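Trainee: I've got a new model open and would like to walk through it with you. Can we take it piece by piece?

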Amino acid sequence: MSRTSTHGQTRRMTVGQALVEFLANQWTVDGDLRERTIPGIFGIFGHGNVAGVGQAIKQLHVDQPGLLPYHQARNEQAMVHEAVGFARMHRRRATFAATASVGPGAANMLTAAALATTNRLPALLLPSDTFATRTTDPVLQQIELPHDTSIQVTDAFRPLSRYFDRVERPEQLFSIALAAMRVLTDPAETGAVTIALPEDVQAEQLDVPLAFLQPREWHLRRPVPEHGPLARAVAAIRAAERPLVVAGGGVLYAGAEAELRAFAEATGIPVGTSQAGGGALVWDHPQYLGGIGATGTAAANAIAAQADVVIGIGTRYSDFTTASRTAFQDPDVTFVNVNVAAFDAHKHGSQLPVIADAREALVALTEALATFSVPDTYATEIADRKRSWDAQVDAAFAPTGRAVPGQPEIIGAVQSATDPRDVVVQAAGSLPGDLHKLWRVRDALGYHVEYAFSCMGYEIAGGLGVRRGAPDRDVIVMVGDGSYLMLHTELVTAVAEGIKIVVVLVQNNGFASIGHLSETVGSERYGTRYRYRDGSGSFDNDDVLPVDLAANARSYGVDVIEVEPGPDAIHDLRQAVRRAKANDHTTLVHVTADPLVYAPDGDGWWDVPVAATSTLPSTQAARAEYEQQVAAQRPLLG
């Protein structure tokens, strides 16, 4: 048991106990908002953390119930996915900690660490290490490398984390924990933060200063734009005839959607969004052209192709956003990059970086451009292209009466059954591309597509995190069968904790997205169908596997509604989603889709190199097409 010292200045605690209580007392302050930075902790226990951090969580639960709530998970990767989903809904002000055991438990979090860092979203990882003393080397699940016996499994987190350290002596805990919190709450630095904890050190005792355990506030930085960079950016925009805003996740993390709307309305400048920026403007705003880039709309990409000034706000400019650097074709295109992180603000060789918070920068830009508006001819073109694309989406959503509907119809049915504040969650497969084009976002936080890492299996775990972060919203997880099979076990967590999400499972009998991509690169959907392996070693046949994913979900205790193929499938799907939303617990809706029915073409391109030589005619044709497309790539120095 911990005790108070004679002088009341320290407490005798274990490293695990001190860390857990420290985390429970951290607060994020963002203007007038104040909330717990770490409102809870996930844990899967094994040797390495059961006697250290695990014991500490139990003790805190007994001594101070509710201070740091504990939650179970079924997979270590999923714990971090939940933390990331939660963090986005809280605009990076809060996240969860996740503790895992030695060896495979720790290694299971590597994928999720990469996801958090790539998405610029905070997550605190507490993987266990083997003995710091090495007294009993080698222990169960310890990696041994003859050239460097100091290397542990957790060293693999170093390149995946925005901050990494290992507590090898109890006294190191104080500086390491404080440094970890600094990075978690820094908008320019945040991502996966990893504190590796040797199993013996977790259980060692030390005298902990009471100041370490007191409530501590971390004030989020919202830097304002400097005068010089702002003035240069304003001058470039004033000289533009066809400016365009590319809004990324930074707009939402700064809570700047109202400021973006005011800027667009005051200037008439159109807006396209990255996947992370979905929701920065609602779908029917006159200046909103939808998603941009490889999975973008024809309206946004047509405007992008001729833009002379591109104003990137809170975007990291991934290859999907730039259509592999083919989206912006004006030979003299200039980039004004507004970002809290200098790394992203300087991308594309921009000579006009504005290193500032998105909200602060938009307020300043709107004021400085008070007398600026786009030319009337440009405004008319924007309206015409938006109107044309909206009509294409209406047509894609219209039920066709097919027994097995295409994915656009399915998205339309789900959309029509949802409410404006519902959150759609997705991450991988063909759904992110179709949602980026088709989903009509009606709320700033209503679109949650993890597309920086595009991790198959994120959807259900991430959806649980979204629901934890926004318990007053319905969460609609849309997931293909390929991604579902990667990580569906968190449905058990939903049942165990009584967390309600709606899962729409789209059965493609294979990998729809990679199947389509395989066709475009001349590989003829090889290895992308879920079929029996035939005598020649091929899966390219029509012998569909008898896998029943609806029964799988039902076996976890989830309510399941199966939409049967037939001419009324879309009507039945719409009704099924409404029934699922009316439930007070998790429900899965199963629908079969035709993976060969595609969404309207948004005229975007993605660079996936095609074999330069081949005996396959399909690959030869794909290579010829690839060479035409790659010729449009530009270095985008400007």
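Trainee: Which elements do the buried residues of α5 pack against?

Mentor: Quick heads-up: this is a predicted model, where local features need pLDDT of at least 70, side-chain atom pairs count only at pLDDT 80 or more, and totals for chains, interfaces and linings use all residues. Residues are numbered from 1 along each chain as its sequence is written, and side-chain values use heavy atoms, with hydrogens and water left out. Helix α5 covers residues 110–118, and seven of its nine residues are buried (under 20% relative accessible area; exposed is over 50%, partly exposed in between, with a 1.4 Å probe and protein chains only). Those buried residues pack against α3 (76–89), β8 (123–129), β10 (192–198) and α18 (458–469).

Trainee: Where is aspartate 390, and what is it in contact with beyond its neighbours within four places in sequence?

Mentor: Aspartate 390 sits in helix α15 (residues 376–397). Its relative accessible area is 18%, so it is buried. Contact means heavy atoms within 4.5 Å. Leaving aside neighbours within four places in sequence, the contacts of aspartate 390 are Trp283 and Arg440.

Trainee: What is the strand order in the open sheet of six strands, and which strands stand at its edges?

Mentor: Two strands pair if DSSP finds at least two bridges between them. Here the pairing is parallel and the order is β15-β14-β13-β16-β17-β18. Each edge strand has a single partner, so one side of it is left without a neighbour in the sheet; the edges are β15 (288–291) and β18 (352–355).

Trainee: In β14, what stands opposite valine 246?

Mentor: Strand β13 (residues 243–247) runs parallel to β14 (residues 271–273), and three bridges join them. The residue opposite valine 246 is glycine 272.

Trainee: Which residue of β24 stands opposite both valine 504 and isoleucine 561?

Mentor: Strand β22 (residues 502–507) pairs with β24 in the parallel sense over six bridges. Strand β23 (residues 559–563) also runs parallel to β24, joined by five bridges. Valine 504 has valine 589 as its bridge partner, and isoleucine 561 likewise stands opposite valine 589.

Trainee: At what angle do α1 and α2 pack, and what does that make them?

Mentor: Axes are lines fitted to C-alpha atoms, for helices over the stretch in contact, and angles run from 0 to 180 degrees between N-to-C directions. Helix α1 (residues 15–24) and helix α2 (residues 53–63) have axes 8 Å apart and an angle of about 55 degrees. Under 35 degrees counts as roughly parallel, over 145 as roughly antiparallel, 65 to 115 as roughly perpendicular and the rest as oblique. So α1 and α2 are oblique to each other.

Trainee: How close do the axes of α16 and α17 come, and at what angle do they cross?

Mentor: These two are helix α16 (residues 407–417) and helix α17 (residues 431–438). Among the residues making the contact are Ile411 of α16 and Leu435 of α17. The axes come within 11 Å and cross at roughly 60 degrees.
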